[in-house]
Amino acid sequence: MRSRTLTLAAAAGAALLATAALPASASGTTTPRSAQEGTVSAADLLAKVTSCSQISNGKYRTDEETSATVPVCGKNGAVFWKADMDIDCDGQVTTKCNGDTDPWFQDDTAFHQSDGKPLRADSLPYVVVPSSSSIWKYTSAGIKGGGVVAVIYNNKVEYAVVGDTGPTQIIGEASYATAKALGIDPDPETGGTDSGVTYILFKNSQVSPIESHSAAVSLGDSLAKKFLQNN
């Protein structure tokens, strides 16, 4: 959970803060394979989300300084939005994700691994959903922690899980591992991309355990095929 409100100057200062000792590794996670994942193509998925039936009560901003232009759209069995990608490095402290590498770093995520630990952003592909508000309440649309998300960028598909929640008025954020797998610069301070990312969240889905990326790919591929059939 985060809110990117620091100025660049403040961010640079915050990045100098020391952090706790970094663990060498964390159990229960697997490094994502190179996208494309699964058997459903990016083109086939994108063909189903060319128009938007808006289900949110308003629209979201992609960053603090931008205007609200992104609606949450509804489809049979899924919701989707098209936005940017900011990099979330929150969760377990690692060599890539910590208070030195990320001025906005928080050592927790909204949803946790099966062992109770926060998720690990540098090895687990996960997506951030906006915290519930008058604009949209994700749980009311059948979206839950561990739900499967097809993230599409530059004709690649990466399957991720719903792993964290963010500001109530901003949308378009995913973990370090998600960005890296899609060929997006994963640096939490300077990386990400300004546009071109499509997020398709499958309703009433849940990966168990949440930290199993292979389970997310398997379930995601099955749900993507069903999504094509039903839309």
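Is Cys52 buried, partly exposed or exposed? With a relative accessibility of 41%, Cys52 counts as partly exposed, where buried means under 20% relative accessible area, exposed over 50%, and partly exposed in between (1.4 Å probe, protein chains only). The model is predicted: local features need pLDDT of at least 70, side-chain atom pairs count only at pLDDT 80 or more, and totals for chains, interfaces and linings use all residues. Residues are numbered from 1 along each chain as its sequence is written, and side-chain values use heavy atoms, with hydrogens and water left out.

**Overall architecture**

- The chain contains four helices and seven strands; these are DSSP runs, helices (H or I) of at least four residues and strands (E) of at least two, numbered from the N terminus.
- Their order along the sequence is α-α-β-β-β-β-β-β-α-β-α.
- Of the 231 residues in the chain, 54% are buried.
- Contact here means heavy atoms within 4.5 Å; among contacts between residues at least 6 apart in sequence, 77% join residues at least 24 apart.
- The chain exposes about 9700 Å², of which carbon and sulfur atoms supply 49%; areas come from the Shrake-Rupley method with a 1.4 Å probe, and for residues only the protein chains shown count as cover.

**Disulfides**

- The whole structure holds two disulfides, a disulfide being a pair of cysteine sulfur atoms within 2.5 Å.
- One of them joins Cys52 and Cys73, whose sulfur atoms are 2.0 Å apart.
- Cys52 sits in the loop between H2 and strand E1 (73–75) and Cys73 in strand E1, so this pair ties together parts that are 21 residues apart in sequence.
- The S-S torsion of Cys52 and Cys73 is about -100°, so the disulfide is left-handed.
- Cys73 is buried, at 3% relative accessible area.
- Cys89 and Cys97 form a disulfide with their sulfur atoms 1.9 Å apart.
- A torsion of about -60° about the S-S bond of Cys89 and Cys97 makes this disulfide left-handed.
- Cys89 is buried at 0% relative accessibility, and Cys97 is buried at 1%.
- With the bonded cysteines of the chain numbered in sequence order, the pairing reads 1-2, 3-4.

**Nonpolar core**

- The largest nonpolar core has 60 residues; such a core is a set of buried Ala, Val, Leu, Ile, Met, Phe, Trp, Tyr and Cys residues joined through side-chain atoms within 4.5 Å.
- Elements that each supply at least two residues of this core include helix H2 (42–46), E2, strand E4 (148–153), strand E7 (193–202) and helix H4 (213–230).
- E2 gives the largest share of this core, seven residues.
- Trp81, Met85, Trp136, Tyr199, Ile200 and Phe202 have the most contacts inside the core.

**Strand E7 and its partners**

- Seven of the ten residues of E7 are buried, so this strand is largely enclosed by the rest of the structure.
- E2 and E7 run antiparallel and are joined by seven bridges; strands pair if DSSP finds at least two bridges between them.
- Phe80 has Ile200 as its bridge partner in E7.
- E4 also pairs with E7 in the antiparallel sense, over four bridges, and Val149 stands opposite Leu201 in E7.
- Beyond neighbours within four places in sequence, the contacts of Ile200 include Leu45, Val79, Phe80, Val149 and Phe227.

**Asp84 in strand E2**

- Asp84 lies in E2 (residues 78–88) and is buried at 1% relative accessibility.
- Not counting residues up to four places away in sequence, Asp84 touches several residues, among them Thr62, Asp63, Gly172, Asp194 and Tyr199.
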